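Thanks for asking me to look this over.

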Protein chains: 2
Amino acid sequence: VTVSDLTERELIARIQRRLPPSPSWMPVGIGDDAAVVEPVRNHLDVLTVDAIVDGVHFDRRFSPPEAIGHRALAVNLSDLAAMGASPRLALLSLALPADLSVDHFERMIDGLARLALTHHLHVAGGNLTRTPGPLTLDVTAIGSAKRRQVLTRSGARAGDEIYVTGSLGAAAAGLYVLQSKTPASAGDMADCVERYFYPIPRVRAGVLVGRNRAASACMDLSDGLADGVRQISAASQVGMIVDANALPLDAAARGWFEIHGHDPVSSIVAAGDDYELMITASPKLRRRLRAAAQTAGIALTKIGVCTKEPELILQREGVAIAAGGSFPEGFRHFR
Amino acid sequence: VTVSDLTERELIARIQRRLPPSPSWMPVGIGDDAAVVEPVRNHLDVLTVDAIVDGVHFDRRFSPPEAIGHRALAVNLSDLAAMGASPRLALLSLALPADLSVDHFERMIDGLARLALTHHLHVAGGNLTRTPGPLTLDVTAIGSAKRRQVLTRSGARAGDEIYVTGSLGAAAAGLYVLQSKTPASAGDMADCVERYFYPIPRVRAGVLVGRNRAASACMDLSDGLADGVRQISAASQVGMIVDANALPLDAAARGWFEIHGHDPVSSIVAAGDDYELMITASPKLRRRLRAAAQTAGIALTKIGVCTKEPELILQREGVAIAAGGSFPEGFRHFR
C-alpha cells in the first residue's frame, strides 16, 4: 500500500493519530484553512523553516523512515536552539512521491512525533502534496523567547571566547560509513551512524544560554564548524582564531578518518550534520556560560578567540595551518 | 547562468534586493538562524503553509516565472483570508533544480514580492536548497486576527445561507486553454488565462467579514466549490443544498466549456484554482455580509442553504441533479 492509495484526508488522519491533542493555547489546529495560536505573553515569536530532500539531505535507500522524520524536525529545533528560543509549534509540509509506502509514511511521522513530544512542540498544521520528484519534508518551526534572551549571530566582539557544545565529527563519519557501505560494526562506528541518523538539537543548552544571557553570539553547526566561524565572524565583523588541537573531535570519528587517510581536523571542520552550537562569550561570562552548559548536561569546549583583525585562522600549537582564503568552507548547498 | 552557478548567499542577496526593509516589529529578519517578530497585541497568530510543485500545481513550460512566484504566495494569502486574518509575514522555502536560470529565479521572486507588497506582508526568512526533482515553492504565511474575528469551517448551522465571492470557473477554463494549446485569443480567453496565472486572494473580503462578524463559517475554494461544500458541511455537521442556476459562473469560462462539449456547471463545480471564498451566514447577518463585500469591492452571490438533514444536494429549478455520493468531488491531491 502506497500513499497514492489513500486520500489526503486519510493521510492526515494517520498523522493526527500520532500527535497529542491540541493544547489550550491552540484554539484551531489541524483541519482548517490555517491554524490559530495565542502568542506567549511578553515574548517574541522566533520562526524558522528548513527543508530536507531525498538525495540531498538524506537517502531513503539507507535511512530508516523514523530517522528521516526525526531529521526534518531536528534541523529546525537546532535553529530555534541557536536563537535561544523555546520550541512551541511546527507546520509540516510534505511532498510525497507516489511510491512511498504507507508504512514508511507512518514511521516517518512516528520519528517526527517522538522528537516533537520530547521538546513539548505541537504540530499545528501543514500541507500534503504529491510530487513527481524526491520525497521532501519542509518544516516550519516557531518558538518563543524574551527580547533580551534572543541569541543572534551578530553580537560577537573582539576578545570574546569561542565555544562549541558536545563533540564534532561523529555524524560526518557516520554518513561516510553509510555511503561507503562499510558495516558500522567495523571499528565500532554504530554510535557515529546513530549520531548521523538521529542528531540531537541542543534545545535546552540554547534556551539556558539565552535565558542567562551567557553569550554574545550563537549559531548551530548544521553546515559544519567552518561555516559557523565564517557566518558569525561576518555577521559580527570580527576575526577568529581557532585552535585545531582544542576541537572536541569525536574519538571514533577521528579514528575512522585517520584509518581512511583523511586529516581528521580538516575533514571534520568542513563537514556538516553536527547539530552542535557554536557560542561566543566575553571572558566575563565564562562562569555563567559553563553553568548553563552544566545545567543542560552538555560538554562545552573553548576552541578559540575573536579578534579585531578580521581574519580567520585555524592554528595548531600557535602556527597557522589555514588562514584567510584557505580557511575551510562548510557544507555548500549550491556553488 | 543558472542558480547552480551562484552561492546560496548570492541567491539570498538577490531575494533581499527585491524586498522592502524589515519593519520595526521584526528585530531579526533574513540572515540569522531564525527570524524574530513581535506578536500583535491582543491578537492571535494565524499560520498556514502550502507548497506548489512543478508538474502538479503549475507548469514551468507555460507559466511565466512571475506567475509561479505569485501563485506560491497567493495560495497562502487565500488561506489567511478564509480565516479572517490580516497577512503579516511569510517564510519562503525554495527547492531549486540546478537548471533553473537566475533570470527565472529573479522573476519568480519579483512576482512574489509584488503580491507581498500589495498585502503589506513581509518576508521574514526562509530556506534555499537544491533538488534533483521539480521546482518546489513552499511558503509559510502568518497573519493575525482578534479571537472573535477568526473564521473557521465549523460554525455553519442549519438555515444559514451559502455565499461565494466573485465568479467561478475562469481559472479552470484558463488552465484548459493552456493545456490544450489553443491560442488564448480564440474566444477571448485571455482573461481566463490571466485569472489562472494570477489568482487574486480575497484578503480584504475575508478580513472585513471576520472583523464585522458577518459569517458563521468560511473557507477558500482553492480545490473547487465541491470541495468547499464537502469540507464546511463535514466540519459543521450540516447538509447543503446548492442551486446550480445561482452559481456565478464566469461567462467566458461557461462559453468555453459549452463549446468543448462539457457541462459548465459540473466542470466548474469540480475544478480547483478558484481562490474565491465560500461563506455561510445566518439570514440575520445578510445585510452585514453584503456591506462587508461591498466595502471590499467584491461580488457576493447566494448559492444555497444549509440544512439539518446531512445531505449534499446540487439542484436546478428545485430538482436534484446530483445528491449524496454523486455530489461532485473537488480537486484531489491524492487518491
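**Notes on the predicted model**

1. Let me begin with a cysteine. B:Cys306 is buried, with a relative accessibility of 4%. Please keep in mind throughout that this is a predicted model. Which cysteine sulfur is closest to that of B:Cys306? It belongs to B:Cys218, and at 13 Å it is too far away for a bond. A disulfide would need the two sulfur atoms within 2.5 Å. Over all chains, the count of disulfides comes to zero. B:Cys192 is another buried cysteine, at 1% relative accessibility.

2. Chain A has a mean pLDDT of 95, and 99% of its residues reach 70 or more. For the complex, the predictor gives an ipTM of 0.94 and a pTM of 0.96.

3. Now to the place where the chains meet. Chain A puts 65 residues into the contact, and chain B puts in 65 residues. About 5,400 Å² is buried between chain A and chain B, and carbon and sulfur atoms give 58% of that area. There are also 25 residue pairs in polar contact between chain A and chain B. On the side of chain A that touches chain B, strand E2 (residues 44-53) of chain A gives the largest share, with nine residues.

4. Charged pairs also cross this interface. How many salt bridges are found between chain A and chain B? The count is six. One pair to look up is B:Asp32 with A:Arg153, whose closest N and O atoms are 3.6 Å apart.

5. B:Val37 sits in strand E1 (residues 35-37) of chain B and is buried, with a relative accessible area of 2%. Leaving out residues up to four places away in sequence, B:Val37 touches A:Leu44, A:Asp45 and A:Leu47 from chain A, along with B:Trp25, B:Met26, B:Pro27 and B:Leu89 from chain B. B:Pro23 is 14 residues from B:Val37 in sequence, and their C-alpha atoms are 9.5 Å apart.

6. Taking all chains together, the structure holds 32 salt bridges. Side chains of opposite charge can pair when their charged atoms come close. In chain A, A:Arg107 and A:Glu66 form such a bridge, at 2.8 Å from N to O. The pair links distant parts of the chain, with A:Arg107 in helix H3 (residues 102-118) of chain A and A:Glu66 in helix H2 (residues 65-83) of chain A, 41 residues apart. Are these two side chains buried or exposed? A:Glu66 is buried, at 14% relative accessible area, whereas A:Arg107 is partly exposed, at 27%.

7. Chain B has a salt bridge between two loops. B:Arg60 pairs with B:Asp99, and their closest N and O atoms are 3.4 Å apart. B:Arg60 lies in the loop between strand E2 (44-53) and helix H2 (65-83) of chain B, and B:Asp99 in the loop between strand E3 (86-96) and helix H3 (102-118) of chain B, 39 residues apart. B:Arg60 is partly exposed at 26%, and B:Asp99 is exposed at 53%.

8. B:Arg202 comes from the loop between helix H5 (190-197) and helix H6 (203-211) of chain B, B:Glu276 from the loop between helix H9 (264-270) and strand E9 (277-281) of chain B, and the two are 74 residues apart. Both B:Arg202 and B:Glu276 are buried. Back in chain A, salt bridges with shared partners join A:Arg14, A:Arg18, A:Glu106 and A:Asp110 into one network.

9. A last stop is B:Ser267, in helix H9 of chain B. B:Ser267 counts as buried, at 18% relative accessibility, because the cut-off is under 20%. A polar atom of the B:Ser267 side chain lies 2.8 Å from the backbone oxygen of B:Asp263. Apart from neighbours within four places in sequence, B:Ser267 is in contact with B:Phe257 and B:His262.

Conventions. Residues numbered from 1 in each chain as written. Chains lettered and ligands numbered in written order. Predicted model: local features only at pLDDT ≥ 70, side-chain atom pairs only at ≥ 80, totals over all residues. Heavy atoms only, no water. pLDDT = per-residue confidence, 0-100. Buried < 20%, exposed > 50% of the residue type's maximum accessible area, 1.4 Å probe, protein only. Contact = heavy atoms within 4.5 Å. Buried area = accessible area lost by both parts, 1.4 Å probe. Salt bridge = Lys/Arg side-chain N within 4 Å of Asp/Glu carboxyl O. Polar contact = N/O pair within 3.5 Å; in protein donor to acceptor, adjacent residues only side chain to side chain. Helix = DSSP H or I, 4+ residues; strand = E, 2+ residues; numbered from the N terminus.
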